[in-house]
Every structure is written in C-alpha cells, then in structure tokens.
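Please look over the structure shown below. The report that follows goes through selected local features, section by section.

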Amino acid sequence: MRLAAQRRELILAAVREHGVVRLADLVDRLGVTAVTVRRDVTALADRGLVARVHGGITVPRHGEQPRPAPVAHVLVGMVAPSAEYYWPAVIQGAQAAVAAAGGRLALRASRYDAAEDRRQVAALLDRGVQALLVAPSTGGQAGLDLMRRLGGLSVPVVLIERVPPPELPTVGLDAAVTDHALGAGLAVRHLAALGHRAVGLVVSRPSPHHDAIRTGWRAAVASLDLSPDVPAFDVPTYGSAQWAAVCDDVLDRCARSGVRALLVHADREAIGLVDRARDRGLDVPGELAVVSYDDEVAAASDPPLTAVRPRKHRLGALAAQLALARVADPLDRPVHRVSLWPSLVVRESCGAGPRRTPQ
C-alpha cells in the first residue's frame, strides 16, 4: 500500500497531466477507497495545490476560490421500496425539490428486497444519475452487502427512512428519517392525557418501522408510569387469511386485561380492527380508543381515526435537498443524519374533538 505522501504526489501528477481528474478515476488508479481519496484531496486542497470541481479536482487558478458545482440539470435517481402506501408522498416531495433546483428525478420501485434494490441501483447508475435517494432493505447479509455497496459508490447517496445498521457504524451516508419512536410516544401521551392507564400496541409484522414504534411505545409507557402488563401484538397485514382470527384474539386479550386504548400501526390495520370491534358490539371510542399510525386514510374511517402523521412529503424533499447539497459540495460537507418529528392529528376515535397538536 502506498504512503499518503506517495498517493498525493500521484494525484498532483495526474492533475498536472490532465487538467481535470474525476475522483472515481483516482480511486481506480490508486487502488484505494473513496474515503482515502477524499482525505488526500482535502489535504491537497487545504494547501492550495488543487481545486475542487463537481465530482473531481483541477489545477487551482491563482487568487480564485473554487465554486460549488451547479446542480441545475442534475439527474437524481430514487429507489423506493414501493410506489404505493406511504411512499407516494415521499416520492412527490423528492420530485418537487429536485424540480425546484432545475433537475429531474428518475424513480425505480423495488419490493423490500436487497437483491432487487441492488439491481435497481445498478440500473440508475447505468442511466448516469449524479446522486441517489435509496430506502434499502437492511436485514440479513444481503442488506449488509448492499449498504457496503452504497457506501462505496462514487455518486452521493442519501438514505430515506433508513440508517446503516449497527454492524456498519462508520458507513458515511447522509440520511433523512422520521423519528417513529417519538411518534409512538405522542400517541401514548395523548391517550394517557385522556385518562387511559393501560395502552396496548398493535403493529404490522412486515413494517420496517415495527421496532422503532415498539421502542417508542415501551419508553412512553414506562416514563408515564402506565400499566406495564399490557399486551403488544404483532399482526399480519390487513386482509390476509389469518387477519380475522388474529383480530379477534387482540380484542379478546384486551377485554381480559382491561385495555381500552390501542395504538395501531398502520391505518389499514386500525380500520380493520375498528370494523371488527363494531361487529362484536364494541363502541369506538366509548369502549375502545384507537390511535392509528401513518395517517394515510385514517380520516376516512368511521369514526375518523386520531393518527400519528409522519411528514412524508417533507421527508422526501429533505432527502433530495441533502443529495443536491452533496452534489454541489462532494468533499467538505460533513455527513448529515436528519430526523423529522411526526405530528399527531386528533379526530374522533379517542373521544376528543378534532384538533392538531402544536409542533
């Protein structure tokens, strides 16, 4: 392995020979990681020996500071795990932010599968995108390999609703996420303020937000000194073959344990649970208060559901803005991990009048 001084001499020689050198070419030429090249380039730029340009470096002009690269006409790729439930608003937010900057968004829909995510990322790179927005699957070895792959790309990558897993603590990718644990806490605190001392949890098994919502629910129950002997249920997706039996079990166990308030993720499951409760003669909110999580269609329920609302459109816009900022300043910009608070929209399913909690 070459010493840092040797690498930097080779970088200077390449700049003098070619005038402009891409960072990706330096990675290949030197046989080192992108992080190492960025470190070397930063050291040379700090000494005034090279000037940064979009995606590379050049010979500095005397007395002139290098300008950030323009982002107009930039092509931003996006890999979303779905183009349906939850994700359309995120996609629209990203598209609006990219268009406002004079660029264009190229969307690829995946299916919560790391291999498919990787295939769609490769297709976008072949299209020549200058930045990527990705909501990758992070579970298992395939998820770890995908995250390593994203961390080593020469184009900026911003994660949406994901962060690198604990096994990869130093993968330096920007991320825009929702604080789903805090959102769950908002729901529990609202129910506690209405006098409920036992708040149960129902979460959809396939959801990648499952663990964060459960963590936030548990923390809020403990901090408010609510009853700790309260059921938490993992349920299948609404409409599956097992749904009716599982829903009956949830309602039976709530009745036996005296639980009259539930936080349910997500809207479909919450609406299905309310319908099942009604079929069994239970009144919502008179005998069972329900808060939904996601607020996609909660307002159309009967009764309208109080719901935790992730700021999905804003999340997509923020992720795109992080990517565009990284395109403009690919070297000196520190890693950004931005977490948005969801809001709580109060409707009729908890027995309180409609209002929105202050942010």
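Asp-294 counts as buried because its relative accessibility is 3% (buried means under 20% relative accessible area, exposed over 50%, and partly exposed in between, with a 1.4 Å probe and protein chains only). Asp-294 is not a glycine, yet its phi is positive, at about 130°. The residue sits in the loop between β12 and β13 (306-309). Helices (H or I, at least four residues) and strands (E, at least two) are DSSP runs, numbered from the N terminus.

The model is a predicted one: local features need pLDDT of at least 70, side-chain atom pairs count only at pLDDT 80 or more, and totals for chains, interfaces and linings use all residues. Residues are numbered from 1 along each chain as its sequence is written, and side-chain values use heavy atoms, with hydrogens and water left out.

## Other backbone exceptions

Most residues other than glycine have a negative phi, and most peptide bonds are trans. Tyr-112 also has a positive phi although it is not a glycine, here of about 55°. Tyr-112 is placed in the loop between β5 (104-109) and α5 (114-126). With 43% relative accessibility, Tyr-112 counts as partly exposed.

Ala-266 belongs to the loop between β11 and α10 (267-279). For Pro-285 the partner is Val-284, with omega about 15°. Pro-285 belongs to the loop between α10 and β12.

Strand β11 (residues 261-265) is mostly covered, with 5 of its 5 residues buried. In a regular strand the side chains alternate between the two faces of the sheet. In β11, Ala-261, Leu-263 and His-265 point one way, Leu-262 and Val-264 point the other way, and all are buried.

Strands of a sheet pair through backbone hydrogen bonds, either parallel or antiparallel. Two strands pair if DSSP finds at least two bridges between them. Strand β9 (residues 200-204) pairs with β11 in the parallel sense over 4 bridges. Gly-200 has Leu-262 of β11 as its bridge partner. β11 also pairs with strand β12 (residues 289-293), in the parallel sense and over 5 bridges. There, His-265 is bridged to Tyr-293 of β12.

## The sheet of β1, β3 and β2

An open sheet is formed by 3 strands in the order β1-β3-β2, and the pairing is antiparallel. β1 (20-22) and β2 (51-53) stand at the edges with a single partner strand each, so one side of each has no neighbour in the sheet. From one strand to the next the twist averages 30°. Between β1 and strand β3 (residues 56-58) the antiparallel pairing runs over 3 bridges. The bridge partner of Arg-22 in β3 is Gly-56.

α1 touches β1 and β3, and its direction makes about 125° with that of β1. α2 touches β1 and β3 as well, and its direction makes about 70° with that of β1. Contact means heavy atoms within 4.5 Å.

## Helices α1 and α2

Helix α1 (residues 4-18) packs against helix α2 (residues 23-30) at an angle of about 130°, and their axes are 11 Å apart. That angle makes α1 oblique to α2 (under 35 degrees counts as roughly parallel, over 145 as roughly antiparallel, 65 to 115 as roughly perpendicular and the rest as oblique). Axes are lines fitted to C-alpha atoms, for helices over the stretch in contact, and angles run from 0 to 180 degrees between N-to-C directions.

On the α1 side, Arg-7, Leu-10, Ile-11, Ala-14 and His-18 meet Leu-26, Arg-29 and Leu-30 in α2. The residues of this contact of α1 with α2 divide into 5 nonpolar, 1 polar and 2 charged. Ala, Val, Leu, Ile, Met, Phe, Trp, Tyr, Cys and Pro count as nonpolar, Asp, Glu, Lys and Arg as charged, and the others, Gly among them, as polar.

## Helices α7 and α8

Helix α7 (residues 180-193) and helix α8 (residues 210-223) pack at about 45°, with axes 7 Å apart. α7 and α8 are therefore oblique to each other. By class, the contact of α7 with α8 has 8 nonpolar, 4 polar and 1 charged residues.
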